[in-house]
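Okay, thanks everyone, let me put the model up on the screen.

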Amino acid sequence: MTTTVLPPAAAPSTRALHLLRDALLPILLVVEVIFFGVAAPDFLSGANLANVVINSADLALLAAGMTLVVLLAGIDVSVGPMLGVVAWVGASLFVSGLPPLLVVLVSVLLGGALGAVNAGLIVGGRISPIIATLGTAAVFKTVLFLLWDSTDVFAGPVVSLLGPARAGGVPLVGLVVLAVFGIFTYVLRRRVFGRRLFAIGNDAEGARLLGVPVARTSFAAYVLVGALVGVAALIYVGRVGVVQATAGQELTLSAIAAVVVGGTSILGGEGGVLRTLGGLVFIALLQNGVVLMGVPPLWNGVLVGVAVALAVAFDVLTRRTLDKRIGARK
């Protein structure tokens with residue numbers, strides 16, 4: 001007679017922490033929608049929600065890429081300045097009359113190349129991701145300032161159409177965002193590359209001992225971030241219609257906010273792009289709602305910063321608590 005040994009059930013307090021972590025964002029979203037729906041009459045109108053989609057599409061792509069490197073227990077704080085450089089190049093090529101498809105290709109390749117610079121410093125140079133990307137962010141800011149040379153690049157009517165363009169009544173950029181998030185969800189859940197990201201984020205040395213190509217996978221993730229920045233840069237140009245010396249710099253913090261508020265652990269190994277999509281909706285509606293209420297734009301950055309700080313503190317606290325309880329049961 002054989003005896004089947006079942007794994008021990010999770011302690012009620014542990015299950016409660018998991019439930020709290022999964023339910024917190026949906027609850028906050030409902031509260032947010034009710035609050036702004038009452039405080040700002042136009043908040044729930046179709047036209048306003050379409051504007052939210054259009055105005056947050058470039059941020060969504062940055063956040064999708066950021067999710068990949070945060071799953072690795074890394075980060076990329078250069079995405080905003082990187083977007084500014086690619087946007088300047090892309091807008092200039094559009095103005096020069098280059099075919100749109102060629103401009104898209106050049107922008108994606110340029111973004112991927114800048115991502116490869118970050119990857120080389122982090123993977124090849126073994127520099128901390130935040131230190132490496134802080135350095136490249138400063139370089140990208142300087143490069144954009146030198147390219148700008150006191151003259152704004154006006155993207156022209158063709159590029160401006162990228163922002164408000166509709167497909168079946170739906171903002172075209174919204175469909176691009178959904179396609180990217182759908183592909184990334186599939187990759188993270190079903191493909192080897194996705195499983196490797198989670199394994200490296202949980203325990204890089206353990207993953208290496210199990211045969212996971214840590215360096216190659218990490219390199220590819222940072223290059224993918226750059227390629228997504230290339231697409232986001234063109235959407236940014238279509239949204240604002242002009243590239244200035246400070247283009248994109250405000251987007252870095254918002255991209256990180258969407259990831260950590262969505263529930264992807266800043267410690268790596270846990271999360272996903274669907275959670276980032278939830279965090280993105282929360283951040284986008286928060287920024288839109290305070291504007292409709294007439295709050296000065298200065299407070300927008302403050303609110304996003306507070307959201308990031310609270311989300312990181314909650315993530316670290318719950319992760320450590322769960323790890324201690326799991327360790328105590330072993």
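**Helix packing and aromatic pairs**

So, α7 and α8 are roughly perpendicular to each other, where that label covers angles of 65 to 115 degrees, under 35 is roughly parallel, over 145 is roughly antiparallel and the rest is oblique. Helix α7 is residues 172–190 and helix α8 is residues 192–202, and they pack at an angle of about 70° with axes 5 Å apart. The axes are lines fitted to C-alpha atoms, for helices over the stretch in contact, and the angles run from 0 to 180 degrees between N-to-C directions. Helices here are DSSP runs of H or I with at least four residues, strands are E runs of at least two, and both are numbered from the N terminus.

Before I go on, the housekeeping. This is a predicted model, where local features need pLDDT of at least 70 and side-chain atom pairs count only at pLDDT 80 or more, while totals for chains, interfaces and linings use all residues. Residues are numbered from 1 along each chain as its sequence is written, and side-chain values use heavy atoms, with hydrogens and water left out.

Back to that pair. On the α7 side the contact uses V187, L188, R189 and R190, and on the α8 side V192, F193, G194, R195, L197 and F198; contact means heavy atoms within 4.5 Å. Sorted by class, α7 with α8 gives 6 nonpolar, 1 polar and 3 charged residues. For the classes, Ala, Val, Leu, Ile, Met, Phe, Trp, Tyr, Cys and Pro are nonpolar, Asp, Glu, Lys and Arg are charged, and the others, Gly among them, are polar.

Next, α2 and α11. Helix α2 (residues 46–71) packs on helix α11 (residues 251–262) at about 60°, axes 8 Å apart. That makes α2 oblique to α11. The contact there has 10 nonpolar, 2 polar and 1 charged residues. From α2 you get D58, L59, L62, A63, M66, T67 and V70, meeting L251, S254, A255, I256, A258 and V259 from α11.

Then there's helix α3, residues 79–96, against α5: about 30°, with the axes 8 Å apart. So α3 is roughly parallel to α5. Here P81, M82, G84, V85 and W88 of α3 meet A137, F140, K141, V143, L144, L147 and W148 of α5. By class, that's 10 nonpolar, 1 polar and 1 charged residues.

Now the rings. How many aromatic pairs does the count come to? It comes to 3, with Phe, Tyr and Trp rings (the six-membered one for Trp) pairing if their centres lie within 6.5 Å, and planes under 30 degrees apart called stacked, over 60 edge-to-face and the rest tilted. F36 and F43 make a tilted one, 5.5 Å centre to centre with 40° between the planes. F36 counts as buried at 5% relative accessibility, and F43 does too at 1%; buried is under 20% relative accessible area, exposed is over 50% and partly exposed is in between, with a 1.4 Å probe and protein chains only. F35, F36 and F43 form one aromatic cluster.

F145 and W148 are also tilted, at 5.8 Å and 45°. They sit 3 residues apart in helix α5 (residues 129–148), so about one helical turn separates them. W148 is buried at 19%.

Last stop, F282, in helix α12 (residues 273–292). F282 is buried at 13%. Leaving out residues up to four places away in sequence, F282 touches L25, L28, L29, E32 and V261. F282 and L25 are 257 residues apart along the chain, with their C-alpha atoms separated by 8.2 Å.
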